[in-house]
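Please read the paragraphs below with the model open beside them. They go from helices to single residues and then to the backbone.

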Amino acid sequence: MHSARPSDLRGRYDVVVVGAGPAGMAAAVGAKGAGAERVLVVDREREAGGILQQCIHHGFGLHHFKEELTGPEYAQRFLEQVAEHDVDVLTDAYVLDVDAERRVSVLSPEHGVRSLQAGAVVLAMGARERTREAVRIPGSRPAGVMTAGFAQKIVNLAGYMPGKRVAILGSGDIGLIMARRMVLEGAEVVGVFELMPHANGLTRNIVQCLHDFDIPLHLSTTVVRIHGSERVDMITVAPVDEALRPRMHEAWDVPCDTLLVSIGLIPDNELARHLRVRLDPVTTGPVVTSGMETSRDGVFACGNAVHIHDLVDFVSQESLLAGASAGAHALGERSAADNVRLDAGDNVRYCVPSTISTDREHTVYLRVREPMAPCTLRLGDVYERPLRYVVPGEMVTLKVRPKFLQDFHGDALRVSVVPREGPAT
């Protein structure tokens, strides 16, 4: 792959992308496709590819490449495209700062500290896992408590087993996938314990990773204490009431030597906060327009840095758009401003983007608050679509076409998911 060297690291780039995971690579390809000549991708890891490198299971690429790939295979497809488009890739490097004038400060062993001027910047840093501290589980602090993603990394990339008798807190996709992985590697998974009354992962992962391996899923149940001195030797779990308060009189002890925590992801947004871009209080990622531009002129964002996706295919689709918009901005080409605001309505936690235009087609991503079936997805009073079911763990996508809005003359639309009587069509 082509990679920036001391002799050819430029002082100015049309587009600088922060992060070389699936979002960053797609954004770079999108920027090149829009005509940007000088594109740089910066990543702190030694190799590009991001989290996909440790995701050795299948299930990637069904939407974008129309075939089933492993994570490394999916990453390789985009790495090849990045190389074909002659994108500069600087790995083992940190972006220290991005200022309001789009000056990017980069630190690397190879180049020292460099200041690069960008015509546009794309924030594609991905997300990080919530840890035990996020939910304040009481008890001691023994070895054997770790996030599911870290366990995945040490098993798949380093070849180490975190333990032999494993409990999992939370039913996020990483936790579900690691439940299966632990069984395949010879460990016993004593159960997955989920605080909410519904699972938070994809339905296919619940079936393929839990049901197919007879791993019990305990809904409305949480870990209330961790026991152990040198290492975890037991956890105490308890059912919760409707207010999510543990019913301690019904608690029971579960012997185990490992607790994997899979309680969600958080957009990695220190740079966005430093730039003082407007953040969505629900997603904690930047508020973006239909072109994935943040509230800071010339700064775009995409992927899990904006909101948490359940499929990398959607990350790629969104990031190609962000890169194309950034490339056009760097070349002085600006689309007409959005003229319609999208508001989260009944049973909708959030929707991305926050604004759209009536003269272009858009893909809107949204998540619901509660499971519902059957139901109807409504875009104000201008469009509706029947759905068989919705669950919080699966993102809903809506194609908004200009014809839907040809008779709309307001400035805001509520996106809602409401109950519907009768079978779905």
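Predicted model: local features only at pLDDT ≥ 70, side-chain atom pairs only at ≥ 80, totals over all residues.

Residues are numbered from 1 along each chain as its sequence is written, and side-chain values use heavy atoms, with hydrogens and water left out.

Two packed helices are described by the angle between their axes and the distance between the axes. For helix H1 (residues 22-33) and helix H2 (residues 71-84), the angle is about 30 degrees and the axes are 9 Å apart. Axes are lines fitted to C-alpha atoms, for helices over the stretch in contact, and angles run from 0 to 180 degrees between N-to-C directions. H1 contributes Met25, Ala26 and Val29 to the contact, and H2 contributes Ala75, Phe78, Leu79, Gln81 and Val82; contact means heavy atoms within 4.5 Å. Of these residues, seven are nonpolar, one is polar and none is charged. In this scheme Ala, Val, Leu, Ile, Met, Phe, Trp, Tyr, Cys and Pro count as nonpolar, Asp, Glu, Lys and Arg as charged, and the others, Gly among them, as polar.

Burial is defined by relative accessible area: buried is under 20%, exposed over 50% and partly exposed in between (1.4 Å probe, protein chains only). Helix H4 (residues 148-158) has Ala148, Gly149, Ala151, Gln152, Ile154, Val155 and Asn156 buried. Their cover includes strands E9 (127-129), E10 (145-147) and E17 (258-261), together with helix H5 (173-184). Glycine 159 follows H4 and has a positive phi, near 80 degrees.

In helix H8 (residues 312-330), 14 of the 19 residues are buried. Just after H8, glycine 332 has a positive phi of about 85 degrees.

Where does aspartate 14 lie? Aspartate 14 is in strand E1 (residues 12-18), and it counts as buried because its relative accessibility is 10%. Beyond its neighbours within four places in sequence, aspartate 14 contacts Ala36, Glu37, Arg38, Ala118, Gly119, Ala120 and Ala330.

Serine 290 sits in the loop between helix H7 (270-275) and strand E19 (299-301). It has 11% relative accessibility and therefore counts as buried. Not counting residues up to four places away in sequence, serine 290 touches Leu321, Asp338, Pro353, Thr355, Ile356, Arg360 and His362.

Pro353 also belongs to a cis peptide bond, which joins valine 352 to proline 353 with omega about 5 degrees. Proline 353 is in the loop between strand E21 (348-352) and strand E22 (355-356). A cis bond also runs from alanine 373 to proline 374, with omega near -20 degrees. Most residues other than glycine have a negative phi, and most peptide bonds are trans.

Aspartate 214 has a positive phi, near 55 degrees, and lies in the loop between helix H6 (203-210) and strand E13 (217-218). Asparagine 347 also has a positive phi, near 55 degrees, and lies in the loop between E20 and E21. Aspartate 214 is exposed because its relative accessible area is 69%, whereas asparagine 347 is buried because its relative accessible area is 13%.

Conventions:
Helix = DSSP H or I, 4+ residues; strand = E, 2+ residues; numbered from the N terminus.
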